[in-house]
Amino acid sequence: MDDHGERERLTAGIAGELTPFGHRLMARVYYADTDFSGVVYHARYLEFFERGRSDFLRLAGVHHTELADGKHGEKLVWIVRRMEIDFRSPARIDDILTVDTRTEEISGARIRMAQQLKRDDEVLVEAKVEAAIIGENGRPRRFPREWIEAFMPRG
């Protein structure tokens, strides 16, 4: 059945957008994101940050499924090697959050990213993330040269 372009309208912007500094994603806080006190449960912030990084990759042309299927040669996966999180203020149900992600450095097999989760202009949570690419054998793989330009800030 033809949806007359409805799918495209509904999914437009679902992955956020690339920005001069990296990537921006909007997300709503749902009841399932909160704990008994009515604020976002601390582990849920990791999920918001993961969505930001994953959609950044997707819009930059790097798809998890293609990597895992070996479309670029060897089967590859991303891993988070290290994460540092600074909780400043809680998010609450129905808040509209902005997840900003930017690449700080790429070296060898590692990428270091900085992320902020904001409500309007207020920074609620900040994270520093070090991720790496590993092959099927679990060993690190060098970050592909053609990805460097896609992930580094343009402004």
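Student: How many aromatic pairs does the structure hold?

Tutor: In this predicted model, the structure holds 7 aromatic pairs. One of them is formed by Phe 143 and Trp 147.

Student: What makes the pair of Phe 143 and Trp 147 edge-to-face?

Tutor: The angle between the planes of Phe 143 and Trp 147 is 85°, and planes over 60 degrees apart count as edge-to-face, so this pair receives that name. The rings also qualify as a pair, because their centres are 5.5 Å apart and the limit is within 6.5 Å. Phe 143 and Trp 147 belong, together with Phe 56, Trp 78 and Phe 151, to one aromatic cluster.

Student: How do you know whether Phe 143 and Trp 147 are buried or exposed?

Tutor: Phe 143 has a relative accessible area of 6%, and Trp 147 has one of 9%. Buried means under 20%, so Phe 143 is buried, and Trp 147 is buried as well.

Student: Which residues have the most contacts inside the largest nonpolar core?

Tutor: That core has 15 residues, and those with the most contacts inside it are Phe 48, Ala 91, Leu 97 and Leu 117. Two or more residues each come from strand 2 (23-28), helix 2 (44-59), strand 4 (96-107) and strand 6 (122-135), and strand 6 gives the most, with 4 residues. A second, separate core of 14 residues includes Phe 56, Leu 57, Leu 76 and Phe 143.

Student: What does Leu 97 touch, leaving aside residues up to four places away in sequence?

Tutor: Leu 97 touches Leu 25, Met 26, Ala 27, Val 29, Phe 48, Ala 91, Leu 117, Lys 118, Arg 119 and Leu 124. Among them, Phe 48, Ala 91 and Leu 117 are also named with Leu 97 as having the most contacts inside the largest nonpolar core.

Student: Which span is expected for helix 2, and what does the helix reach?

Tutor: Helix 2 has 16 residues and reaches 23 Å from its first C-alpha to its last, which is close to the 22 Å expected at 1.5 Å a residue. Its buried residues are Tyr 45, Phe 48, Phe 49, Gly 52, Arg 53, Ser 54, Asp 55, Phe 56 and Leu 57. Just after helix 2, Gly 61 takes a positive phi of about 95°.

Student: Why is Thr 101 called buried?

Tutor: Thr 101, which is found in strand 4, has a relative accessible area of 0%, and since buried means under 20%, Thr 101 counts as buried. Not counting residues up to four places away in sequence, Thr 101 touches Phe 21, Gly 22, His 23, Gly 52, Arg 53, Phe 56, Met 113, Ala 114 and Gln 115.

Student: What makes the pair of side chains of Thr 101 and Gln 115 a polar contact?

Tutor: The distance given for the polar contact between these two side chains, of Thr 101 and Gln 115, is 2.9 Å, and the cut-off for such a contact is within 3.5 Å. The polar contact between the side chains of Ser 107 and Arg 112, at 3.3 Å, is set against that cut-off of 3.5 Å too.

Student: Why is Ser 107 called partly exposed, and why does Arg 142 count as exposed?

Tutor: Ser 107, in strand 4, has a relative accessible area of 30%; because buried means under 20% and exposed over 50%, Ser 107 falls in between and is partly exposed. Arg 142, found in the loop between strand 6 and helix 4 (145-151), has 68% relative accessibility, so Arg 142 counts as exposed. Arg 142 touches Gly 108 and Ala 109, not counting residues up to four places away in sequence, and the C-alpha atoms of Arg 142 and Gly 108 are separated by 5.0 Å, although these residues are 34 residues apart along the chain.

Student: How do you know that strand 4 and strand 5 pair?

Tutor: Strands pair if there are at least two bridges between them, and 10 bridges join strand 4 to strand 5, so the two are paired, and they run antiparallel. Within this pairing, Asp 100 stands opposite Gln 116 in strand 5, and in the hairpin, which has 2 residues between the strands, Gly 108 takes a positive phi near 55°.

Student: In which sense do strand 5 and strand 6 pair?

Tutor: Strand 5 and strand 6 pair in the antiparallel sense over 10 bridges, and Arg 110 stands opposite Ala 132 in strand 6.

Student: What makes strand 5 mostly covered?

Tutor: In strand 5 (residues 110-119), 7 of its 10 residues are buried, and the strand is mostly covered in that sense.

Conventions
Residues are numbered from 1 along each chain as its sequence is written. This is a predicted model: local features need pLDDT of at least 70, side-chain atom pairs count only at pLDDT 80 or more; totals for chains, interfaces and linings use all residues. Side-chain values use heavy atoms; hydrogens and water are left out. A nonpolar core is a set of buried Ala, Val, Leu, Ile, Met, Phe, Trp, Tyr and Cys residues joined through side-chain atoms within 4.5 Å. Buried means under 20% relative accessible area, exposed over 50%, partly exposed in between (1.4 Å probe, protein chains only). Contact means heavy atoms within 4.5 Å. A polar contact is a pair of N or O atoms within 3.5 Å; within protein, one must be able to donate a hydrogen and the other to accept it, and residues adjacent in sequence count only if both atoms are side-chain atoms. The expected span of a helix is 1.5 Å times one less than its number of residues. Rings of Phe, Tyr and Trp (its six-membered ring) pair if their centres lie within 6.5 Å; planes under 30 degrees apart count as stacked, over 60 as edge-to-face and the rest as tilted.
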